[in-house]
Amino acid sequence: MSETPQKEEAPKKDMKDVLAAVENIKCMVQKSQKFVEEFLSEPMCGKCHPCALGSYEALVRLKRISAGIGKQEDVAAIQRIADDMLESSRCIKGKDTAKFLLNALKTEAFREHLEGHCEERECPAYVIYRVIPEKCVICGLCQDACKYNAIMGQKTVSYRSGYLPFEIRQKRCVKCGDCLPACPYGAIEVIEIKTGVLV
Amino acid sequence: MVNLKIDGKEVTVAEGTNLIDAAEAVGVHIPNLCYMKGMKGIGACRLCLVEVEGSKAPVIACNTKVKEGMSILTATDKVVEIRKFVTDLIVSMHPLDCMTCTKAGTCNLQRYAYDFEIKESSFSRKKFGYPTDESNPFIKRDPEYCVLCSRCIRICKAQDTNVLEFAGRGVGAKVVTGNERPLQESGCTFCGSCIDVCPVNALLEADRWRRGREWEYGKTGSVCLSCGSGCSISVSTKDGSVIKINAGAPDGSVERTICAVGRFGFDSLNGEMRIAHPMKRVGGELQETTWDDALKTVAGHLKTAGSDAAIVSSAAILNEDSALLKKLAETIKTKNVDSTVSLYSSYDAMKSGGADIEHADLFLLAGIEPDQWKRVLPAIDAAVRKRVNNGAKLVVIHSGDPKIAAKASVFLKGDEVKMLMEIGQALIAKGAKAPKEMVEALAPVNPSDSAMTAADAFMAAKMPVILSAPSLYKAAANLSLIKGEAVAVPLEANAKGVVAMGLTSDGRKFNEIISSSTKALYAVGEIPVTKRPDTGFLVVQASHMTELATQADVVLPSTPALESEGTMIDWLGRVKKVNRACEPAGDAKPNSNIFMAVAEAVGASLKPVKDADVKKAAKTKAKVAFSAFKRDAAHDVDAEKFMNETNKMTVNGSRLLWLKELECAAVTA
């Protein structure tokens, strides 16, 4: 924010790179979060307050929404930040970020997310993986497929007594989906936490 | 002049004025956190956005110049919403402890939060846990409160002290010193300019906690008499004691800088070396006595000594004091009365005129070495650097290696008189008109290439200002016959006033008085004399127990500038009012009162000096005429040493001692 121009290296990333980084994300909440994260990481120059402080606050709010704890007031805050940033930030970079957020807000995505629904299935925090005990044959294939050791259980061995039913430890589960094709019996299901809807 | 409308009010301002200043002229305040008057607007805070009728997007008022016929609206819904938004964001990262915050009442953020009804931020609270730098007794830095306006960084850079800088961007940005070292290890001069500009509680005088807030203070505009800069100050007092001192020059002027001595030296008012009562030597020891007794003794000795008595004074006394002291000398019929001025200047040089340093576009420093780090005329150094950073040119002529030379477009190293002659000749060679005698005198001179470059800059300048050491004034002033103004820069605040009021010697000069034998010697103020001169009777009139005072026969307690009332004439020849900020300590009396009392004890009566006399005296300026290019070698003096000696009591009696010890330790290490 200093007045005298400093001899700083040209920013490695510019707005094009930010756009490129979010190109393949479909969920507007995820996309917006990534966009602001990328914007803050380099192209944001920090020379004016609305953009420097505003985009940071927007990121805080976006993270809440994508973590599934967002509320209507978070969306309202992002709306206000984007509106004011567009009007008051000093350069085109801040204004572009504001425009991006405003366009994202026009979609249904934010409303849906508040209701607990991520249409694009890209918000991991919105869903939970579960083993259906009735369908599980305790074969252990899912356990082998899980890279994160998130599936707990002990499979049955012939002529030995005792086993532990298979369960997914939510703290470890990163919702990568690798276990789904591994189960030959379709015993693992994905449910939206808030709505309880089967995905 | 440009005519425009601000919120419907017609206003006419000078061309080049920005919208914030223009609005101020009609009493409209445009909110801002990062704008500093007199400096370029950077548009960081965006609070100053205003709408211009007929244009779509709002513009920042701090960096938009007025245009003829413009009509601006400062408080439309759109810009007010943006201001609320930004204030809201800043409040979200600012402690909400206004009830115990020292800056309450003057905090700009508090003001705007109040105006925009932001009780608590609607955004998520951010806390950083930055440590506070409280490792020095001058400036407390608390980054938790910082609003990232960068005012401190910019003022520090404008003065070339370059201590503060940003680290990081956006929310995580922080004002830091190099390598995050404490201020005292970062080349900080502790001038405190950053305190003056901080809009919040991030930078503050170190001892302000629980010592009252702005609305509790009485404010007195006065002048610091510690050195030749004679800076305007604004003194804040509470319950009769001085709490803090700020720069007092108008907002936005280049002279709005004071140094550590001016800002923090007031501790010495109540230091242990302060003299509270008159003292008299009885049986080899100084003992407390009454004013009557002290005055009677002094008067008796002065009267007996008559023309063999001598009076010497510091030039940090007021105009009124000077005139009365001269009259007192006449009363006791001695011609031997002089001030410290004659140690570093001829009387004539002190009659030099003024200059407009605010608009000067070239400074020529001849033989002076203003230096903020050595605390030699620090405010003049800062003013010149501010102007140079703003585009003015600088030519430095010096035989040594002054720090400011690094800032010069041309640095002419070598004998100052020779260099001045070379520039003079270069100017004539380039076709400048000069008096005939000067052309003749300079004919044999062959200017060097750098002198030619300096002359080019001088010719190109619209308003060159020559600042010279008093000993070089006559030579330097010759250049002002071609163009510009020349000013002799004294080492003491009221040197020009003392001379203007006639406190000059018709008999022996200062040095002769000190080195010769006298029957009685009356020494006023803190003079650079530490050993008792050969005299039958020594009176020292001072505010502090100087080394000389400990050897005196009678000590009269006087008041320092902050406790005195009167006028002074600063280095640019302007009369400035010195106002009493607090009551005298103990039995101390103002110099003038003591002089009148002594005169009365001698049997004469002196009339107080009238303001009109001061005004008249200040107006008489010597006209510049050509004189030979010569150095007044008798008046060459080591400025740093001189200032150290005359400010010893202020420095040793205040927290500046901490800084001095640190500097000494650094030198020995």
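A close look at one helix

Mentor: Let us begin with α14(B), which is mostly covered, since eight of its eight residues are buried; here a residue is buried if 20 or more other C-beta atoms lie within 10 Å of its own, exposed if 12 or fewer, and partly exposed in between, with C-beta atoms placed from the backbone. Helices (H or I, at least four residues) and strands (E, at least two) are DSSP runs, numbered from the N terminus. This is a predicted model, in which local features need pLDDT of at least 70 and side-chain atom pairs count only at pLDDT 80 or more, while totals for chains, interfaces and linings use all residues. Residues are numbered from 1 along each chain as its sequence is written, and chains are lettered from A and ligands numbered from 1 in the order in which they are written.

The buried residues of α14(B) are B:Tyr473, B:Lys474, B:Ala475, B:Ala476, B:Ala477, B:Asn478, B:Leu479 and B:Ser480. What covers these residues includes β17, α11, α12, β20 (464-468) and β21 (485-488) of chain B, where two residues are in contact if their C-beta atoms, placed from the backbone, lie within 7 Å.

One of these covering elements, α11(B), deserves a careful look of its own. Helix α11 (residues 416-429) of chain B has 14 residues and reaches 20 Å from its first C-alpha to its last, close to the 20 Å expected at 1.5 Å a residue; the expected span is 1.5 Å times one less than the number of residues. Eleven of the 14 residues of α11(B) are buried, so this helix is largely enclosed by the rest of the structure. Among the buried residues of α11(B) are B:Glu416, B:Val417, B:Met419, B:Leu420 and B:Ile423. The cover over the buried residues of α11(B) includes β17 (362-366), β18 (393-398), β19 (410-413), α12 (436-442), α13 (449-460) and, in turn, α14 (473-480) of chain B. Just after α11(B), B:Gly431 takes a positive phi of about 95 degrees.

Elsewhere in chain B, B:Leu503 is found in the loop between α15 (495-500) and α16 (510-515), and B:Leu503 is buried, with 28 other C-beta atoms within 10 Å. Not counting residues up to four places away in sequence, B:Leu503 touches B:Ser313, B:Ser322, B:Leu325, B:Lys326, B:Val337, B:Ser339 and B:Val498.

Two other loops of chain B hold a positive phi in a residue that is not a glycine. B:Ser150, with a phi of about 70 degrees, lies in the loop between β6 (139-141) and α4 (151-158) of chain B, and B:Ser150 counts as buried, with 27 C-beta neighbours inside 10 Å. B:Asn179, whose phi is near 55 degrees, lies in the loop between β8 (174-177) and α5 (193-197) of chain B, and B:Asn179 counts as exposed, with 7 C-beta neighbours inside 10 Å.

Now let us turn to the partner chain. Chain A is divided into domain 1 (15-115) and domain 2 (124-192), and the C-alpha centres of these two domains lie 36 Å apart. The contact between the chains takes 24 residues from chain A and 27 residues from chain B. On the side of chain A that touches chain B, α3 (49-66) and α4 (72-88) of chain A each supply at least two residues, and the largest share, eight residues, comes from α3(A).

Within chain A, helix α2 (residues 28-41) and helix α5 (residues 92-106) pack at an angle of about 170 degrees, with their axes 10 Å apart; axes are lines fitted to C-alpha atoms, for helices over the stretch in contact, and angles run from 0 to 180 degrees between N-to-C directions. α2(A) and α5(A) are therefore roughly antiparallel to each other, given that angles under 35 degrees count as roughly parallel, over 145 as roughly antiparallel, 65 to 115 as roughly perpendicular and the rest as oblique. In this packing, A:Met28, A:Lys31, A:Ser32, A:Phe35, A:Val36 and A:Phe39 in α2(A) meet A:Thr97, A:Phe100, A:Leu101 and A:Ala104 in α5(A).

Conventions
Domains from an automatic or database assignment.
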